[in-house]
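Please look over the model first.

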Amino acid sequence: MDLDYGKCWGTSKDSWKTTLLLAYQSLGVVYGDLSISPLYVYKSTFADDIHHSETNEEIFGVLSFVFWTLTLVPLFKYVFIVLRADDNGEGGTFALYSLICRHAKVSLLPNRQVADEALSTYKFERPPEPKNNSSRVKLVLDKHKSLHTALLILVLLGTCMVIGDGLLTPAISVFSAVSGLELSMSKDQHQYAVIPITCFILVCLFALQHFGTHRVGFCFAPVVLTWLICISALGLYNIIHWNPHVYQALSPYYMLRFLKKTRKGGWMSLGGILLCITGSEAMFADLGHFSYTAIQMAFTFLVYPALILAYMGQAAYLSKHHHTIHDIDFYVSVPESVRWPVLAIAILASVVGSQAIISGTFSIINQSQSLGCFPRVKVVHTSDKIHGQIYIPEINWMLMILCIAVTVGFRDTKHMGNASGLAVMAVMLVTTCLTSLVIILCWQKPPIVAFIFLLFFGSIELLYFSASLVKFREGAWLPILLALFLVSIMFIWHYATIKKYEYDLQNKVSLEWLLALGPSLGIARVPGIGIVFSDLTSGIPANFSRFVTNLPAFHRLLVFVCIKSVPVPFVPPDERYLVGRVGPAAHRSYRCIVRYGYRDVHQDVDSFESELISRLADFIRYDWDKEHGITDICNEDDGYRSGASSSECRLAVIGTVAISGGPPFETEETVQPASVSVGFPTVDSVTDIVEMEPLDVVERRVRFAIDTDSEADPRSEMDAQQREELHDLQAAQLAGTAFILGNSHVKAKQGSSLLKRLAINFGYNFLRRNCRGPDVVLKVPPASLLEVGMVYVL
């Protein structure tokens, strides 16, 4: 869930008080799913594979497995190792992939620029060392394109399993909590009551998503804290009252006795035991909303002891009540006098745990969409104050329908647990593999260290994964089927997106073609601003040339806009816009590259339009003031060797820069911290001169009150040209803005394989027709939209 508490506090003198408060708030966001696992672990474990005996070897063996699994995976792996592999404080699958992409050339994202490395968030863990084993691994990854694709598929697989977990966790959590009603009903009654009540709660849960979790998030932490205290107290009561010597089962010796006695049945029962660590991935995924210390403190000193006490208490009770093991594993160990309050708290806690994974699903789909790996969907930002609070209507209702279908179809904890367990272990295996690469590439540790990490934790997770996989026909088929379906969709979308970019790159037109357009060719320029969207960071896109061919006119002020994603979680607003000229100043054509991180909130079209014009105005002043101070550096081997103007080879970061000279328009000023960027050549044909002045920095909101009567300074001619250009910008803004987008149809070229033709002609075009268009995602008003039909032959 995306509650950005950690970023709201900043630096505090009383850091420990802040950390404790963050640790408390993390309970409701991070640990909801993990804390409710005692509801269903024992019941899933003892479903069919093993049977409880008078010797208690089975129950003590299961308790020993639960204890060591909780200790090794959430505590040792996540808290002490994986949480340190953060990307500027962010965690999750895409954070690991982003780190790897920045340290090795494995990214398949189009329109990359070396200038992106000037971003303040594009930092390296350590300076690269040219001659070591880490660099050899990097060279292997850089060299083989097939490894890039394999890494992307691995990331997509982990993403799909997270989505599958978002489908299964609400079902099993709420169903297990509501199943406590069985104690007060006959078998016939609860058979017809538990399923409808569970479905009703799930419908309410998904129906409330559009309000945003920030409206009810304040009560999440108290609910989970109350639940943890409740299960701790119950655990202590059962230990003292039924079996004070149950602590002896924590010895690994009982695991060996358990496996020796149960053999294949014991191995298959591991599919239920692994449910004790469901939700562990949330500690890493939600790292950016809190802090490493807060999450570490909350788990180590509260969540972990509470869970251990809860499992020990259940084991102590069951060791004296052998006949109840196949009935209710949790509620039967609750004293009858407090059973109803515990049931109410359990239902609330299951809703909190479900809410966290649903919000996490929205977040990871938004990240996938940002990196071009998911079809376009509508993203609604439900909070103006808390960053990252999003709601995706299509995904929400699809999850609700599938969640209810799972509840009605499976009808028991066993099948739901098998499905959920496989999804959880698949995500953990992906995290282990990616973390191993981070250890080598980012931390620059010897490969043997990464191998030991991979071997130790990977073998544990593979053991549990195999136990889940063997139950394919008993529920484990669902996450596999869902993952194959989603991976296919995501890979087809990503593949077609890359191929479309390559087609645009090959079919872009030269700058000379644009500059040659004029009255002599029957081309008119009409008042207003024309914003041409393209994925290209250089050159004139083919959709604009097609537009001019069919309608021989274009706007007096032309802006080629590229909205691109970079492999960082956030791009600071001051570093987001790269602005430059396309051709000479008199042509009034500009290029603007807008960079977003995978967790950034994209602007709507109204704020984007006003922000773009403000950045253009700042660039015009900056460019005239620096006219003689910028050195143009063009690569002779780039795409413009046919004779490009140097203006096409100059881009500048336009953020909160302070520019000398009198103001040509009124501004409202807010002092901001200064920032500095350095210059890099691009890898896509354009050289970016990235400059930001370390001066008094102000944020400008343009009102366009141009003073035409001000006295000229010694550079009166340049000032006059500057004012004229700003006046043209103001006049164009008043005349209106048109958004020019390509409406593409894609088909596979002749001679393509059958698989490619199916993927492109049917798969991608079906998704394109039935998902949101770029105009809907950008929220372009229909009256301002100009669509250009394009046929891509890939």
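## Basis and terms

Axes are lines fitted to C-alpha atoms, for helices over the stretch in contact, and angles run from 0 to 180 degrees between N-to-C directions. Helices (H or I, at least four residues) and strands (E, at least two) are DSSP runs, numbered from the N terminus.

The model is predicted: local features need pLDDT of at least 70, side-chain atom pairs count only at pLDDT 80 or more, and totals for chains, interfaces and linings use all residues. Residues are numbered from 1 along each chain as its sequence is written, and side-chain values use heavy atoms, with hydrogens and water left out.

## H8 against H19

Helix H8 spans residues 145–178, and helix H19 spans residues 477–507. Their axes come within 8 Å and cross at roughly 130°. H8 is therefore oblique to H19 (under 35 degrees is roughly parallel, over 145 roughly antiparallel, 65 to 115 roughly perpendicular, the rest oblique). The crossing is right-handed, that is, the near helix is turned clockwise from the far one by less than a right angle.

Contact means heavy atoms within 4.5 Å. On the H8 side, the contact residues include Thr-149, Leu-152, Leu-156, Cys-160, Ile-163 and Leu-167. H19 contributes, among them, Leu-478, Leu-482, Leu-486, Met-490 and His-494. By class, the contact has 17 nonpolar, four polar and no charged residues. Here Ala, Val, Leu, Ile, Met, Phe, Trp, Tyr, Cys and Pro count as nonpolar, Asp, Glu, Lys and Arg as charged, and the others, Gly among them, as polar.

Val-406, Thr-407 and Phe-410 of H16 meet His-415, Met-416 and Ala-419 of H17. Four of these residues are nonpolar, two are polar and none is charged.

Arg-411 lies in the loop between helix H16 (393–410) and H17. Arg-411 is not a glycine, yet has a positive phi of about 65°. Its relative accessibility is 45%, so Arg-411 counts as partly exposed (buried is under 20% relative accessible area, exposed over 50%, partly exposed in between; 1.4 Å probe, protein chains only). Gln-444 sits in the loop between H17 and H18. Gln-444 is another non-glycine with a positive phi, of about 55°. At 17% relative accessibility, Gln-444 counts as buried.

## The enclosed helix H12

Helix H12 covers residues 264–273. Eight of its ten residues are buried, so H12 is largely enclosed by the rest of the structure. Among the buried residues are Gly-265, Met-268, Leu-270 and Ile-273. The buried residues of H12 pack against helix H4 (41–45), helix H5 (57–80), helix H11 (253–262), helix H17 (413–441) and helix H18 (447–469).

## The seven-stranded sheet

Seven strands form an open sheet in the order S7-S5-S6-S4-S3-S12-S13, with mixed pairing. Strands pair if DSSP finds at least two bridges between them. Strand S7 (651–653) and strand S13 (785–793) are the edges, each pairing on one side only. Neighbouring strands are turned by 25° against each other on average, direction ignored.

Strand S4 (residues 553–565) and strand S6 (residues 589–596) pair in the parallel sense over eight bridges. Cys-562 stands opposite Ile-593 in S6. Helix H21 (residues 542–550) lies across strand S3 (524–533), S4, strand S12 (737–747) and S13. H21 runs at about 115° to S13.
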